[in-house]
Amino acid sequence: MQWSELMESVYQSWRSVGEFFSGVLVQMSQWLQQVIAWLVAHYAQWGVPAEQQLLAAYATIYLAATVLVLLLVWRLVRRRRQRGQKEKPTKVGEVGPGVVEEEGEAETVAEPSEEITAPVEEPAAPLSLYDRMRSGLAKTSSALVGRIDTLFTGASGVNQELLEELEEILITADCGMKTTQMLVDAFQKQAKENKVTDPEALRELLKAEIRALLNLNVAPLAVEGHAPFVLMVIGVNGVGKTTTIGKLAQQFTRQGKKVILGAADTFRAAAADQLEVWGERTGVTVIRHAEGADPAAVAFDAAKAAVARKADIMILDTAGRLHTKVNLMEEMKKLYRVLGREIDGAPHETMLVLDATTGQNALVQARLFQEAVGVTGIALTKLDGTAKGGMAVAIGAELGLPVRYVGIGEGVDDLRPFDPEMFVDALFEKR
Ligand SMILES: Nc1nc2c(ncn2[C@@H]2O[C@H](COP(=O)(O)OP(=O)(O)OP(=O)(O)O)[C@@H](O)[C@H]2O)c(=O)[nH]1
Ligand SMILES: [Mg+2]
C-alpha cells in the first residue's frame, strides 16, 4: 500500500469517527433544546416571568444532571464497598471478648493475638434454633449416635455383646457410669419385653429412654416470681461464666426486661472489663469496683442499684478462682448474707456453669460446688466443641440438678434454655 493511500484511509477513519461524534452532539443538543423549550413552556404556564423562564429551565437541567451524577457515584461507591467487605479477611481473635488464659498462678486476659485470618463467609440465611442445636451437637452426634447406629445395624438382636458395646459407647460420650447403667438396663428391659430387634426400632427405643431420663429434671429458669430476680453465677475459671452472663443479659434485654450486672469477680480488673464490654453491647449497667475489692461490697452495691432502678433481673458474676473449699464457702456465705439482706430471698438462683469439654471433671466440680454452696441449676457450655455431649444427660441423673441452659457456640443466640425434646431430636437426627 502506498504511503498516500495509508494516510487517506487513516484520514477517512478519523473523519467517520468525528462525524459519528458530531452527529451524536448535534442530536444531543437538539434533545436539549427540545427539553429546554418544553420546560420554558411549562414555566410560562405556571406563571414564571418571561425573563426568568430560560434561567429556570437551565437550573432545572443542571440540578437533574447533578442528581444523576451523584446517584451514579453513590452506586459505584456502594458496589466497591460491598466487594471490599466480601474480600476483607478477619482476625479470628476479634470475634468475642478477651479469652481468659491460665498459666500457673498468673492470670491474664489474652489479647486477640493470633493473626490468623479467615475468609468472611457469604451471608447465609439465619439458622433456626433447631438447626443451631443440630450443628452444635454435631461432634457428640457422630461420636455417640453414629457409633450406636453402626452397632445396631451390624447386630443380630439384643445380646450381651451388644449391651456391653452400648455401655462402652455411652461412657465414652461422657454419659457417666450411673446414667449409662440406668440407660442400658432400661433399654434391655424394653427391648426384651417388646421383642425389639430391628435396628431402626432399637434406635428409637434408646432415643426414648434418653428423652425420658432428661425429662426427669426439666426446669427452665423462671425469673418472673421476684423483682428483682437475683441470679448468682458460679463456676471454676474459664468455663464461660462471664460469656453466659453477657448472653443472658442480651436475651433478657431483648425480652424487654431491665437487667443490672454486678462484677463480683474482683480478682482481676480484666474480669470486670470483660463484663463491661457485654454491658456496653447490651446497654446494661454494670456495677464494678476496683481490682481486689471485696466481692460482697460489689454484691451490696449491685443489689442496691437493682432495687433503686427497679430492675427485673440482677446477675452477679463471681470469681472462678478460690483455692480451697473453705475459702469458697466463706466467700459465698458472705455474698448470700449481703444479697439476702438487701433483697428478699436472694439469690433466687445459684447457677453453676460447667464446661462440657471437661467431661467427667465437670461432674466432680459440680459435686464440690453443690456441697459447698448449694447449686440450684446448671448452665452447660461449649457443647459445640466436644464429643462429650452425653454430659447433658449425666447431669440430671447423677446430680439431680436441672440443666437451665446449654451453650452451643459463642454467639448470643447460642445460649439456649435446655429443651430435652429438641436436644434428643437434634442429637439423633440422621446426618
Ligand atoms: N464454643 C463455645 N465457647 C464458649 C461458650 N461459652 C463460653 N465460651 C468461650 O469460653 C471462653 C471463656 O469464657 P469466659 O466467659 O471468659 O469464662 P469465665 O468462666 O468467665 O472465666 P473466668 O472469668 O476466668 O473465671 C471464652 O472464649 C468464651 O467465648 C460456648 O457455649 N461455646
Ligand atoms: Mg469471667
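Is S141 buried or exposed? The first close-up takes up this residue, and the legends after it move through the rest of the predicted model.

**View 1. S141 in helix α4.** S141 belongs to helix α4, which covers residues 138-154. Because 21 other C-beta atoms lie within 10 Å, S141 is buried. When residues up to four places away in sequence are left out, S141 touches G146, L427 and R431. V424 stands 283 residues from S141 in sequence, yet the C-alpha atoms of S141 and V424 are 9.8 Å apart in space.

**View 2. The whole protein, with its confidence.** The secondary structure of the protein consists of 14 helices and 12 strands, and of its 431 residues 35% count as buried. Among the contacts that join residues at least 6 apart in sequence, 73% link residues at least 24 apart. The mean pLDDT is 84, with 88% of the residues reaching 70 or more. Over residues 84-123, however, pLDDT stays under 50, and for this stretch the model has 39 contacts beyond four places in sequence. Where pLDDT is low, the predicted coordinates should not be read in detail.

**View 3. Helix α1 and the glycine that comes after it.** Helix α1 runs over residues 3-45, and its end C-alpha atoms are 62 Å apart, which agrees with the 63 Å that its 43 residues should span at 1.5 Å a residue. This helix is hardly covered, since the count of buried residues among its 43 residues is 0. Just after α1, G47 takes a positive phi of about 85°.

View 4. Strand β8, residues 313-318, is mostly covered, with 6 of its 6 residues buried. In a regular strand the side chains alternate between the two faces of the sheet. Both faces of β8 are covered, for I313, I315 and D317 are buried on one side, and M314, L316 and T318 are buried on the other. Strand β5 (residues 229-234) pairs with β8 in the parallel sense over 5 bridges, and V230 stands opposite M314 in β8. Strand β6 (residues 259-264) also pairs with β8 in the parallel sense, here over 6 bridges, and the bridge partner of A264 in β8 is T318.

**View 5. Strands β10 and β11.** Strand β11, residues 403-407, is mostly covered, as 5 of its 5 residues are buried. Its pairing with strand β10 (residues 377-381) is in the parallel sense and extends over 3 bridges. L380 stands opposite V406 in β11.

**View 6. The shell around ligand 1.** Of the 23 residues around ligand 1, G240, T242, T243, G320 and G407 come nearest. By class, the residues of this shell divide into 5 nonpolar, 12 polar and 6 charged. Strand β2 (99-103) and helix α8 each supply at least two residues of the shell, and α8 gives the most, with 3 residues.

**View 7. T253 in helix α8.** T253 lies in helix α8, residues 241-254. With 17 C-beta neighbours inside 10 Å, T253 counts as partly exposed. Leaving aside residues up to four places away in sequence, T253 touches V259, T282, G283 and V284. T253 and V284 are 31 residues apart in sequence, and their C-alpha atoms are 8.1 Å apart in space.

View 8. Most residues other than glycine have a negative phi, and most peptide bonds are trans. The peptide bond from A227 to P228 is cis, with omega near -5°, and P228 is placed in the loop between α7 (199-215) and β5. Another cis peptide bond runs from A346 to P347, again with omega near -5°, and P347 is placed in the loop between α11 (325-342) and β9 (349-355). D174, although not a glycine, has a positive phi of about 65°; D174 is found in the loop between α5 (160-172) and α6 (177-193), and it is buried because 28 other C-beta atoms lie within 10 Å. K195, also not a glycine, has a positive phi of about 50° and is found in the loop between α6 and α7. With 9 C-beta neighbours inside 10 Å, K195 counts as exposed.

How values were computed:
Residues are numbered from 1 along each chain as its sequence is written. Chains are lettered from A and ligands numbered from 1 in the order in which they are written. This is a predicted model: local features need pLDDT of at least 70, side-chain atom pairs count only at pLDDT 80 or more; totals for chains, interfaces and linings use all residues. Helices (H or I, at least four residues) and strands (E, at least two) are DSSP runs, numbered from the N terminus. A residue is buried if 20 or more other C-beta atoms lie within 10 Å of its own, exposed if 12 or fewer, and partly exposed in between; C-beta atoms are placed from the backbone. Two residues are in contact if their C-beta atoms, placed from the backbone, lie within 7 Å. The expected span of a helix is 1.5 Å times one less than its number of residues. A residue is near a molecule or strand if its C-beta atom, placed from the backbone, lies within 6 Å of it. Ala, Val, Leu, Ile, Met, Phe, Trp, Tyr, Cys and Pro count as nonpolar, Asp, Glu, Lys and Arg as charged, and the others, Gly among them, as polar. pLDDT is the predictor's confidence in each residue, from 0 to 100. Two strands pair if DSSP finds at least two bridges between them.
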